[in-house]
Amino acid sequence: MNKETNSLIPQKAGKRFPLILTTIIIFLALGAGVFLFFRDTVPPVIAIAPDITDIGKDSQITITVTDVDSGLERLDITANQNGKKLALVSKTFPAGTQNTMETIILNQGQLKEGTFVITVTAKDASLYPFGAAGQTTAEKSYTFDATPPRIFVQSHTNNLTQGGAALMIYVLSEKSEDTGIRVGKRFFPRLPATRHR
């Protein structure tokens with residue numbers, strides 16, 4: 001009797017060991033799954049430049065997107081003007097891509113003069129929750145002006161003597177950040193005219 005009883009104890013312990021090992025493996029697998037599921041809950045970071053809102057022909061808009069956790073998966077950039085959407089960039093990225101920079105050069109063939117909105121949507125490769133937290137959208141409004149200012153000359157002195165002084169008066173059709181007169185390689189910045197009554 002004692003021999004039979006003693007022989008049953010190792011058999012029960014042997015049956016318990018695979019059950020414990022299986023339970024540990026299941027918990028480890030669940031823990032790894034939870035880690036992968038929740039490890040990246042931060043969406044990509046988007047930066048749109050320049051900060052100035054008035055831009056002209058051949059101006060550049062630079063979009064920088066970064067995601068250092070799970071990496072970028074997809075990027076879409078559109079221009080929205082007067083209810084119409086113009087696709088500018090649409091691309092997917094290989095695994096491990098953490099950042100990208102896109103430069104958009106505007107021209108009058110793409111957009112009409114006036115206000116438009118740049119919309120950037122970026123998605124990373126995270127799983128939580130089912131990819132919704134890994135997507136972010138950023139927008140920025142700009143005013144597109146492809147027409148250069150017109151110059152109206154008010155003074156009509158054509159004869160200048162060497163060593164003498166000259167004055168030219170002109171008017172611009174719109175405000176300008178920088179204007180003046182260039183003679184050869186020298187540039188003379190404008191001085192605002194003062195009107196006397």
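Q: How much of the protein chain do buried residues make up?
A: Buried residues make up 23% of its 197 residues. Keep in mind that this is a predicted model.

Q: And the accessible surface, what does that come to?
A: About 14,900 Å² for the protein chain. Carbon and sulfur atoms account for 57% of that surface.

Q: What's the secondary structure?
A: The chain has 1 helix and 12 strands.

Q: In what order do the elements run from the N terminus?
A: The order is α-β-β-β-β-β-β-β-β-β-β-β-β.

Q: Which strands form the open sheet?
A: There are 5 strands in it, ordered E2-E8-E7-E4-E5. The pairing is mixed.

Q: Which ones are the edge strands?
A: Strand E2 (54-56) and E5. Each of them pairs on one side only.

Q: How far are neighbouring strands turned against each other?
A: By 30° on average in this sheet, with direction ignored.

Q: Back to E2. In what sense does E2 pair with E8?
A: In the parallel sense, over 3 bridges. Strand E8 covers residues 135-145.

Q: What is the bridge partner of aspartate 54 there?
A: Threonine 143, in E8.

Q: Switching to rings. How many aromatic pairs?
A: The count is 1. Phenylalanine 116 and tyrosine 142 form that pair, and it is stacked. The rings sit 5.9 Å apart centre to centre, with 25° between the planes. Planes under 30 degrees apart count as stacked, so this pair qualifies.

Q: Where in the chain are those two residues?
A: Phenylalanine 116 is in strand E7 (residues 114-124), and tyrosine 142 is in strand E8. They are 26 residues apart, so the pair links distant parts of the chain.

Q: Are they buried or exposed?
A: Phenylalanine 116 and tyrosine 142 are both buried.

Q: What about contacts over the whole chain, how many join residues at least 24 apart?
A: 60%, among contacts between residues at least 6 apart in sequence.

Q: New topic: threonine 97. Where is it?
A: In the loop between strand E5 (84-92) and strand E6 (99-105).

Q: Why is threonine 97 called buried?
A: Because its relative accessible area is 17%, and buried means under 20%.

Q: What does the side chain of threonine 97 reach?
A: The backbone oxygen of proline 94, at 2.9 Å.

Q: And which residues does threonine 97 touch, not counting those up to four places away in sequence?
A: Asp67, Gly71 and Leu72.

Notes: Residues numbered from 1 in each chain as written. Predicted model: local features only at pLDDT ≥ 70, side-chain atom pairs only at ≥ 80, totals over all residues. Heavy atoms only, no water. Helix = DSSP H or I, 4+ residues; strand = E, 2+ residues; numbered from the N terminus. Buried < 20%, exposed > 50% of the residue type's maximum accessible area, 1.4 Å probe, protein only. Polar contact = N/O pair within 3.5 Å; in protein donor to acceptor, adjacent residues only side chain to side chain. Contact = heavy atoms within 4.5 Å. Areas by Shrake-Rupley, 256 points an atom, 1.4 Å probe, with all protein chains shown as cover. Pairing = 2+ DSSP bridges. Axes fitted to C-alpha atoms, helices over the stretch in contact; angles between N-to-C directions. Phe/Tyr/Trp six-rings, centres within 6.5 Å; stacked < 30°, edge-to-face > 60°.
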